[in-house]
Amino acid sequence: MDKEIFLYDDGVHKCIMFSFDDEEHEDSFLSVNQYLIVNDGVGFLIDPGSEAIFDELYDAISKYVKIENIKYIFFSHQDPDVSGSIAQWAVTTKAKFIISNLWTRFMSHYGFMEMSRVMPLVDNGAKLKFGEDTIRFIPAHFLHSPGNFSLYDEKSKILFSGDIGAAVINSNHGLKKVANFNEHKEYLAGFHKRYMGSNKLCRAWVAKVEKFEINKIAPQHGFVFEDENVEFFLKWLEDLKCGSDFMQELY
Ligand SMILES: [Fe+2]
Ligand SMILES: [Fe+2]
């Protein structure tokens, strides 16, 4: 695991990024980012990832929050690199699990059966009081999963975007933010072209998130966008042709 990075810290409210790369198995392992929000000692874990990283992530986040104080765990969608460890987190925490209502039944295939602990999200999203502040679940359907949400933390003004903004890139030097958007585009392009639904969906998501003041966009793979790169990325996504825009190539 790379060294954790503080994306926000005002003493009471913290947002921390944890990243896993595997340089020896670059072809078979997709690097992932996990995020933890801690508010006054209470934890909110975002996209905890697969079983393969569970032990290491558990130890890493224990430094910042008591595991029994993790109140919520959010899964942007059903993929194994996001939700594969749900059974482990069910055993080790008392947390509520927040995920699209499209995927609740599927979680039993990861060995998770306690449906009473799930807070299913309806398609047009929700908001949740967390400490003094609000967390919003913003629809991101078909970008790429059919039941998919981004999470906006009003306190830190960070948009946790799941696979949107994901880059297929490993960082050897621990710096996990985009330095030059133009250079970074090549790491975004292939992933978004194939995994994202269509330009129409990209535009719908940008229109939704643009209503909020965004200081950082933190994706589940790759690097964080901040400062002018937030705007550059949103503009790029708005213009992106992807998914069904390339139907002829696929069928
Ligand atoms: Fe995914
Ligand atoms: Fe992913």
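Colleague: How far apart are the iron ion (ligand 2) and the iron ion (ligand 1), and which residue coordinates both?

Modeller: The two ions are 3.5 Å apart, and Asp163 coordinates both. Please note that this is a predicted model, in which local features need pLDDT of at least 70 and side-chain atom pairs count only at pLDDT 80 or more, whereas totals for chains, interfaces and linings use all residues; side-chain values use heavy atoms, with hydrogens and water left out. Residues are numbered from 1 along each chain as its sequence is written, while chains are lettered from A and ligands numbered from 1 in the order in which they are written.

Colleague: Are His77 and His144 buried or exposed?

Modeller: Both His77 and His144 are buried. Buried means under 20% relative accessible area, exposed over 50%, and partly exposed in between (1.4 Å probe, protein chains only).

Colleague: Which peptide bond of His144 is cis?

Modeller: The cis bond is the one joining Leu143 and His144, with omega at about 5°.

Colleague: Back to the other ion. Which protein donors does the iron ion (ligand 2) have?

Modeller: Asp81 (OD), Asp163 (OD), Gln220 (OE1) and His221 (NE2) lie 2.1 to 2.3 Å from the iron ion (ligand 2). The angles among these four donor atoms run from 78 to 171°, and the site is irregular. Along the sequence, the donor residues are spaced D-x81-D-x56-Q-H. Distant parts of the chain are linked by Asp163, in the loop between strand 11 (158-162) and helix 4 (181-195), and His221, in the loop between strand 12 (216-219) and strand 13 (225-226), 58 residues apart. Asp163 and His221 are both buried.

Colleague: Changing topic: which residues of helix 5 are buried?

Modeller: Asn199, Cys202, Trp205, Val206 and Val209 are buried. They cover an arc of only 125° around the axis, which puts them on the same side of helix 5. The arc is that of the directions from the helix axis to the C-beta atoms. The cover over these residues includes strand 9, strand 10, strand 11 and helix 6.

Colleague: How do the axes of helix 5 and helix 6 cross?

Modeller: The axes of helix 5 (residues 199-209) and helix 6 (residues 228-239) come within 7 Å and cross at roughly 145°. Axes are lines fitted to C-alpha atoms, for helices over the stretch in contact, and angles run from 0 to 180 degrees between N-to-C directions.

Colleague: Which residues of helix 5 and helix 6 meet?

Modeller: Asn199, Cys202, Arg203, Trp205, Val206 and Val209 in helix 5 meet Phe233, Leu234, Leu237, Glu238 and Asp239 in helix 6. Contact means heavy atoms within 4.5 Å.

Colleague: Now helix 1. Which of its residues are buried?

Modeller: In helix 1 (residues 54-62), Phe54, Leu57, Ala60 and Ile61 are buried. These residues fall within an arc of 130° seen down the axis, so they line one face of the helix. Asp55 and Asp59, on the other side of helix 1, are exposed.

Colleague: Last one: is Asp227 buried or exposed?

Modeller: Asp227 counts as exposed, at 59% relative accessibility. Its place is in the loop between strand 13 and helix 6. Phi of Asp227 is near 50°, a positive value in a residue other than glycine. Asp47 also has phi near 50°, but Asp47 is buried, with a relative accessible area of 3%.

Terms used
Helices (H or I, at least four residues) and strands (E, at least two) are DSSP runs, numbered from the N terminus. Donors are N, O and S atoms within 2.8 Å of the metal (3.2 Å for Na, K and Ca); water is not among the atoms, so sites may look incomplete. Four donors count as tetrahedral if all angles lie between 85 and 135 degrees; four count as square planar and six as octahedral if opposite donors are over 155 degrees apart and all others between 65 and 115; anything else is irregular.
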